[in-house]
Amino acid sequence: MIAAILRAQFIAMRRTFGTGIALSLLGGVFWYGLWSFAALAAFSYMASAPAARLDTSLPLLLAGVCLYWQLMPVVSASMGSSLDLRKLLAYPLPHARLFFVEILLRLASGLEMILVLAGAAAGLAMNPGTHGSAGMACAFAVFVLFNLLLASGVRSLLERLLTRRKVRELLVLITAALWVLPRFILLTGIRSRMSDRVLGAALAACLPWSAAAHAALGQVGTFAWPWLALWTLAAAWFGRMQFERSLRYDAAAAQASPAESPGRAAFADLCYRMPSRILPDPVGAIVEKELRTLARSPVFRNLFFMGFTFGLLVWLPMVIGRTGVGAHRDSFLATHFLTIVSLYALTLLGQVTYWNCLAFDRSAAAFWFVMPQPISAVVVAKNIASQAPVYLEIAVLAGISSALRLLTGWGEVVEALAVVGTCSLYMLAMGNITSIEYPRGLNPDRASQGGSAGRFQLLVLVFYPLAILPAALAFLARYAFSSETVFAVVLALAAAMGAIIYKLTLGSAAASAIDRREAILQALGTGEGPVVS
Amino acid sequence: MSPPAILVSGLEKRYGAKAAVDGLDLAVPRGSFFGFLGPNGAGKSTTIRILTGLIPFDRGSVEVLGFRLPGQELAIKGRIGLVPDESLLFDRLTGAEYLEFVGRMYGMGRSIAIERARGLLDLFELPAGRKMIAEYSKGMRKRVAMAASLIHHPELFLMDEPFEGVDAVGARLMKDILLHQVARGATVFLTSHVLEVVERLCDRVAIINQGKIAVAGTVDELRAGGESLEDTFVRVVGGSREPWEAHQGLEWL
């Protein structure tokens with residue numbers, strides 16, 4: 001049965017990847033190459049560290065591994081592959097076997113951590129101060145199992161919670177806060193006051209990473225094995241219980257449209273119709289439709305929410321530093337805080353808007369090819385619609401920055417708007433090409449789903465620096481000439497160049513869309529296998 | 001004299017070595033109710049997708065309402081109403097929003113589009129509230145697709161299994177509307193596996209098998225000799241098949 005599921009998935013994946021497999025492989029090599037380097041560093045450290053330091057550093061490493069494994073898929077809004085239970089529940093499959101496949105899939109979403117753990121384990125085995133033994137290998141293996149079981153439970157729980165209205169936004173905020181909390185503590189003055197207590201608590205012998213570390217180091221006096229076994233059993237119970245609950249969960253009922261007050265509905269309608277008052281049809285009609293679609297998509301709403309919450313939580317500690325607001329006002333980060341956080345929001349939203357602009361249409365993208373309108377109008381309208389939330393984010397961020405006294409005047413708001421506008425032209429230009437060349441349908445309900453197709457993640461890594469480069473040159477010119485005028489002129493030139501590139505790529509993307517329409521529709525409408533990612 | 005609604009000659013569409021449409025010749029007179037029949041995988045949906053400009057073809061010539069494909073796609077698209085096999089519906093819009101949007105995409109002013117959308121929602125008994133299309137049943141999705149195909153008063157309807165999943169009341173309504181459209185001079189080109197429906201509604205029928213037209217004519221011509229349309233269909237596309245009991249290795253069935 002398991003073999004049948006995996007085979008069906010393999011066949012589905014093979015057909016989905018198609019010609020983009022080389023790019024996917026290249027991206028995989030790049031990503032896992034980076035983690036191999038981290039594994040090598042872990043190996044090197046563990047092989048040479050004195051035994052006394054290992055008592056602290058190994059539990060910390062394992063705590064970091066656990067944190068990454070459990071939270072990274074959540075904050076990156078991509079929780080990896082999972083069984084599509086809607087397709088499998090019709091068959092007489094024992095739940096225990098389905099759970100086993102689910103656990104195997106969690107292995108796939110934590111491969112980076114397996115690499116790091118393997119590096120650390122090999123290093124420990126080579127360390128003359130420790131005894132490489134079957135017990136050590138067993139401790140690492142049990143710790144991996146604990147993480148797999150916990151990840152399965154966390155995923156099932158979050159998947160269900162994220163389908164509930166209002167809960168998902170709160171959940172994203174809490175998760176983002178949890179993720180940046182250690183960074184916040186490290187970068188702010190809280191560290192000096194709390195570090196010892198926090199570190200002490202984090203390294204308590206009863207915690208799973210400490211227990212695993214002590215078991216690996218052969219320190220049986222700390223009840224390492226009983227603690228580790230207890231945690232693993234608890235994770236198994238949690239994972240299985242959450243999986244069973246997911247099997248019984250009715251997502252459709254949770255997502256059903258609630259009754260909306262007439263006043264609120266009328267106000268929302270007024271907002272959606274605003275672009276149509278300025279823009280002529282068909283562009284106005286498509287922008288209006290896109291805004292309605294985006295606002296009602298859990299995936300988009302999560303990313304929009306993360307844009308200013310996670311964005312602030314990441315960047316704010318760096319500005320506040322250890323000595324509070326105002327102490328670092330002269331740093332580049334502080335003087336350009338709004339611009340940087342706005343650019344972050346622009347890149348974050350790009351996952352589900354301009355990099356893959358047909359994503360939410362899925363098979364309905366055929367609509368654009370049967371309507372008596374040029375496809376370039378559709379692309380332009382989708383680009384405009386993708387920018388509206390970005391400027392809303394900037395408005396929210398400007399308000400928060402102002403409240404935190406991080407803004408000195410309107411000049412910073414204008415600068416943020418101008419820089420984001422300029423960078424947007426380049427990103428939209430590149431996005432129009434990737435949307436046509438690498439389309440991928442996205443389920444707007446699956447809030448845990450990543451936005452970008454795996455195969456062009458690598459392209460995005462290349463495109464972002466390229467898109468930001470012209471604006472960066474303007475900042476460089478300001479620094480070199482100490483002149484606001486020079487900055488404005490260079491930025492204006494960058495914007496003009498961006499507009500030309502946008503115009504050229506728009507024509508090219510529209511022509512390519514017509515030529516590739518069959519392949520595009522096939523890619524967007526392709527059904528997935530028994531495992532969804 | 002106005003050209004046929006659809007004129008196809010020597011049409012070919014290949015997927016690798018397999019020909020989905022293989023030298024298809026077809027003429028659909030204006031004002032006719034045309035049934036396009038065939039077994040699964042015969043090339044019906046591919047033909048409709050070619051006629052709507054969704055997919056290119058390899059060889060042959062295609063004219064729709066006197067406009068050539070490729071080259072005059074926009075003129076054709078503005079004059080056809082489409083109910084495809086795969087939904088063209090945007091799930092995150094309500095029925096009213098979708099119909100208004102479609103109207104505006106066909107070049108209507110917003111107020112006219114809203115007015116027509118309201119009328120069609122009422123006619124097809126679709127929810128006028130905040131319920132999104134994603135929450136519609138299969139039959140409701142077909143109804144809203146049908147309503148969208150009507151909003152711009154098209155000259156030609158291309159319909160792939162329009163009654164599939166629709167309840168008897170909805171199907172009756174849709175049939176009555178289509179008959180009315182033909183009476184006003186529009187052409188309906190539909191595929192259906194329900195031969196009784198085709199027999200009752202259509203005045204002309206073509207049966208496609210393995211990408212080629214196997215037989216075409218008026219319904220009466222195809223029923224000549226006392227055969228029903230189903231008898232003719234089975235004879236043309238599946239008559240040579242053995243009964244299932246004769247298949248080797250299926251004794252367990």
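In which loop of chain B is B:H153 found? B:H153 is found in the loop between α5 (138–150) and β7 (156–160) of chain B, where helices (H or I, at least four residues) and strands (E, at least two) are DSSP runs numbered from the N terminus. This is a predicted model, in which local features need pLDDT of at least 70 and side-chain atom pairs count only at pLDDT 80 or more, while totals for chains, interfaces and linings use all residues. Residues are numbered from 1 along each chain as its sequence is written, and chains are lettered from A and ligands numbered from 1 in the order in which they are written.

The phi of B:H153 is near 55°, a positive value in a residue other than glycine, and B:H153 counts as exposed because it has 12 C-beta neighbours inside 10 Å. The cut-offs behind this are that a residue is buried if 20 or more other C-beta atoms lie within 10 Å of its own, exposed if 12 or fewer, and partly exposed in between, with C-beta atoms placed from the backbone. B:E161, in the loop between β7 and α6 (168–183) of chain B, also has a positive phi, near 50°, but with 18 C-beta neighbours inside 10 Å B:E161 counts as partly exposed. Most residues other than glycine have a negative phi, and most peptide bonds are trans.

Chain B as a whole has 9 helices and 10 strands, and buried residues make up 46% of its 253 residues. In helix α9 (residues 229–238) of chain B the buried residues are B:L229, B:T232 and B:F233; seen down the axis of α9(B), they fall within an arc of 100° (that of the directions from the helix axis to the C-beta atoms), so they line one face of the helix. These buried residues pack against β3 (33–37), α7 (195–201), β9 (204–209) and α8 (219–222) of chain B.

Turning to the partner, 27 residues of chain B are in contact with 27 residues of chain A, two residues being in contact if their C-beta atoms, placed from the backbone, lie within 7 Å. On the side of chain B that touches chain A, α2 (73–77) and α3 (95–105) of chain B each supply at least two residues, and α3(B) gives the most, with 4 residues.
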